[in-house]
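Here is a short walk through a model that you can follow with the viewer open. We begin with a ring-pairing rule, then move on to helices and a few single residues.

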Amino acid sequence: MGLTPEEWGIVELSLRVGLWGTLCSLPFAYAAAWLLARRHFPGKALLDAILHLPLVLPPVVVGFALLVLFGAQGAIGKLLREWFNFTFAFRWTGAALAAGVMGFPLLVRAIRQALESSDTKLEQAAQTLGAGPWLTFLTVTLPLTATGVLHGFVLAFARALGEFGATITFVSNIPGQTQTLPLAIYTATQVPDGDAMVWRMCAISVVLAVATLIFSEVLIRFGNRKAMGHDG
């Protein structure tokens with residue numbers, strides 16, 4: 001598409017940030033979705049609301065919260081730096097954290113719907129035959145919810161690719177480190193003769209967004225056909 005090496009680097013960084021942010025949030029999202037779908041406890045509605053806050057809060061609020069918690073002097077960030085010599089500040093890992101947090105609610109919702117629509121009698125049958133909780137999860141629950149997990153992963157990944165506000169608030173806009181596609185587009189609009197780069201970056205963003213949405217729709221149709229076949 002006539003991209004410069006610098007622009008290809010921005011695309012690669014965006015994909016890396018989105019992929020790792022979504023992958024790392026997946027186990028936590030599944031655990032949260034399972035808790036909401038399979039357990040009843042006091043404060044469940046409050047927990048559900050808290051988990052979905054990134055969907056309704058301004059992204060800069062989420063970015064500020066990440067800065068307070070995971071910044072170089074944050075409550076968690078300071079401990080990570082002192083104990084493991086690891087920091088999220090001003091690095092692509094921080095951008096991945098912001099992207100993962102912003103896509104987290106979409107992942108939880110998709111997995112929760114898959115869990116609530118799965119047949120728990122199959123899990124009970126596996127346990128009756130002697131399978132333990134983890135074996136039941138790996139051989140029954142996870143395969144039953146795989147389509148929902150993939151659907152949520154694609155949606156969260158697409159959200160991660162478009163993340164702007166939380167990222168720039170948390171880890172700034174550093175070329176080669178935290179400057180993903182949205183931040184690069186914003187930067188290009190602020191400089192003279194940046195229109196050509198803006199158009200190229202916007203085109204790439206549209207292509208990636210359309211591809212992920214199409215894949216998501218394919219997963220939904222596959223899941224519906226599979227469910228109909230199972231019901232039959």
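Rings of Phe, Tyr and Trp (its six-membered ring) count as a pair if their centres lie within 6.5 Å; planes under 30 degrees apart are stacked, over 60 edge-to-face and the rest tilted. One aromatic cluster is formed by Tyr30, Trp134 and Phe137. The model you are looking at is predicted, so local features need pLDDT of at least 70 and side-chain atom pairs count only at pLDDT 80 or more, while totals for chains, interfaces and linings use all residues. Residues are numbered from 1 along each chain as its sequence is written, and side-chain values use heavy atoms, leaving out hydrogens and water.

**The chain as a whole**

The protein chain has 11 helices and 0 strands; helices (H or I, at least four residues) and strands (E, at least two) are DSSP runs, numbered from the N terminus. Its C-alpha atoms fill a box of roughly 65 × 45 × 30 Å along the principal axes. Of its 232 residues, 41% count as buried, where buried means under 20% relative accessible area, exposed over 50% and partly exposed in between (1.4 Å probe, protein chains only). Taking contacts (heavy atoms within 4.5 Å) with a separation of 6 or more, 72% are between residues 24 or more positions apart.

Two packed helices are described by the angle between their axes and the distance between the axes. Here axes are lines fitted to C-alpha atoms, for helices over the stretch in contact, and angles run from 0 to 180 degrees between N-to-C directions.

| Pair | Axes come within | Crossing angle |
|---|---|---|
| H1 (residues 5–38) and H8 (residues 133–161) | 10 Å | roughly 140° |
| H1 and H2 (residues 44–51) | 11 Å | roughly 150° |

Angles under 35 degrees count as roughly parallel, over 145 as roughly antiparallel, 65 to 115 as roughly perpendicular and the rest as oblique. H1 is therefore oblique to H8. The contact includes Ser14, Gly18 and Tyr30 of H1, along with Phe137, Thr141 and Phe153 of H8. Its residues divide into 13 nonpolar, 5 polar and no charged; Ala, Val, Leu, Ile, Met, Phe, Trp, Tyr, Cys and Pro count as nonpolar, Asp, Glu, Lys and Arg as charged, and the others, Gly among them, as polar.

H1 and H2, in turn, are roughly antiparallel to each other. Ala32, Leu35 and Leu36 of H1 meet Lys44, Leu47, Asp48 and Leu51 of H2. By class, this contact has 5 nonpolar, no polar and 2 charged residues.

**Back to the rings**

How many aromatic pairs are there by this rule? The count comes to 5. In one of them, the ring centres of Trp134 and Phe137 are 6.1 Å apart with planes at 90°, so this pair is edge-to-face. Trp134 and Phe137 are 3 residues apart in helix H8, about one helical turn. Trp134 counts as exposed, at 68% relative accessibility.

Leaving aside residues up to four places away in sequence, Glu7 touches Gly2, Met197, Arg200 and Met201.

Asn85 is not a glycine, yet has a positive phi of about 55°. You will find Asn85 in the loop between helix H5 (77–84) and helix H6 (92–117), and at 68% relative accessibility Asn85 counts as exposed. Ser172, also not a glycine, has a positive phi near 65°. Ser172 sits in the loop between helix H9 (165–171) and helix H10 (181–189) and, at 30% relative accessibility, counts as partly exposed.
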